[in-house]
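Open the model in your viewer and keep the selection tool at hand. The tour goes stop by stop.

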Amino acid sequence: KKYVILISGRGSNMRSLLEADLPGQCAAVISNRPDAAGLDYARSRGVATAVVDHRQFASREEFDAALAAEIESREADLVLLAGFMRVLTEGFVRRFEGRLLNIHPSLLPSFPGLTTHAKAISAGVRVHGCTVHFVTPALDAGPIVIQAAVPVLDEDSEETLGSRVLAQEHRVYVQAARWFLEGRLSIQGNRVLLAGARP
Ligand code: GRF
């Protein structure tokens with residue numbers, strides 16, 4: 001099976017996916033920003049890269065159409081959003097429904113959207129984490145594949161909490177992608193079922 005990874009910046013989740021030796025081929029890393037740092041790493045591994053610059057399109061619909069065309073030209077079975085910071089249109093999401101995964105830096109359904117670590121600290125939660133989910137048209141609300149929890153410490157800043165969460169993102173995203181590529185995930189309503197034993 002083939003997968004593509006969509007990024008907007010640093011690309012540390014992309015890097016952990018590429019280093020993981022997943023049971024499939026990374027057909028391309030695609031960025032909406034030409035200067036995304038992650039592109040250099042992908043190139044250094046000999047992975048094909050592409051840029052679909054959102055600033056060159058007049059509307060979300062036109063950007064999403066170009067992005068979809070780029071993904072389809074790579075014949076991807078799976079699309080992994082990895083720090084991809086554009087909200088996708090319903091049309092795009094429907095086109096890739098069931099084969100579009102996202103990593104979100106909170107324990108959904110708590111703290112959808114941006115600045116999740118600041119929100120967790122100010123809410124006073126003692127447990128925070130990350131979620132890999134299938135993408136549906138509602139933002140950060142699709143069926144959940146896997147989550148990981150970390151403690152929130154009294155002395156945490158956004159940065160210290162964020163890096164504790166990020167280490168778990170790298171672990172669970174690889175796990176979720178592996179399960180998908182092994183054909184073990186199915187969606188029933190809002191739940192994701194995993195065939196075979198959990199590790
Ligand atoms: C991650 O925290 C991801 O969950 C969020 O944006 C960040 C991207 O980091 N959506 P990176 O580009 O993978 O390093």
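The expected span of a helix is 1.5 Å times one less than its number of residues. Helices (H or I, at least four residues) and strands (E, at least two) are DSSP runs, numbered from the N terminus. This is a predicted model: local features need pLDDT of at least 70, side-chain atom pairs count only at pLDDT 80 or more, and totals for chains, interfaces and linings use all residues. Residues are numbered from 1 along each chain as its sequence is written.

**Stop 1: helix H6**

Select residues 158–181, which form helix H6. H6 has 24 residues. From first C-alpha to last, H6 reaches 33 Å, close to the 34 Å expected at 1.5 Å a residue.

Now colour the buried residues. A residue is buried if 20 or more other C-beta atoms lie within 10 Å of its own, exposed if 12 or fewer, and partly exposed in between; C-beta atoms are placed from the backbone. In H6 the buried residues are Leu161, Val165, Glu169, Tyr173, Ala176, Ala177, Trp179 and Phe180. Step past the end of the helix to glycine 183, where phi is positive, near 75°.

**Stop 2: H1 against H6**

Axes are lines fitted to C-alpha atoms, for helices over the stretch in contact, and angles run from 0 to 180 degrees between N-to-C directions. H1 is therefore oblique to H6. Angles under 35 degrees count as roughly parallel, over 145 as roughly antiparallel, 65 to 115 as roughly perpendicular and the rest as oblique.

H1 passes H6 in a right-handed crossing. A crossing is right-handed if the near helix is turned clockwise from the far one by less than a right angle, and left-handed if anticlockwise.

Which residues of H1 and H6 make the contact? From H1, show Ser12, Asn13, Ser16 and Leu17. From H6, show Leu166, Glu169, His170, Tyr173, Val174 and Ala177. Two residues are in contact if their C-beta atoms, placed from the backbone, lie within 7 Å.

Stay on H1. Its buried residues are Asn13, Met14, Arg15, Leu17 and Leu18. The buried residues of H1 pack against strand E1 (2–7), strand E2 (25–31), helix H2 (37–44), E4, E5 and H6. Aspartate 21 follows H1 and has a positive phi, near 60°.

**Stop 3: H5 against H6**

Select residues 116–123, helix H5. The axes of H5 and H6 come within 9 Å and cross at roughly 115°. H5 and H6 are therefore roughly perpendicular to each other. The crossing of H5 and H6 is right-handed. His117, Ala118, Ala120 and Ile121 of H5 meet Glu158, Leu161, Gly162 and Val165 of H6.

**Stop 4**

Go to proline 109, in the loop between strand E5 (100–104) and H5. A cis peptide bond joins leucine 108 to proline 109, with omega about 10°. Threonine 115 is in the loop between E5 and H5. Threonine 115 has a positive phi of about 50°, although it is not a glycine. Is threonine 115 buried or exposed? Threonine 115 is exposed, with 12 other C-beta atoms within 10 Å.

**Stop 5: glutamate 75**

Finish in the loop between helix H3 (60–73) and strand E4 (78–81), the place of glutamate 75. Phi of glutamate 75 is positive, near 55°, in a residue other than glycine. Glutamate 75 counts as exposed because it has 10 C-beta neighbours inside 10 Å.
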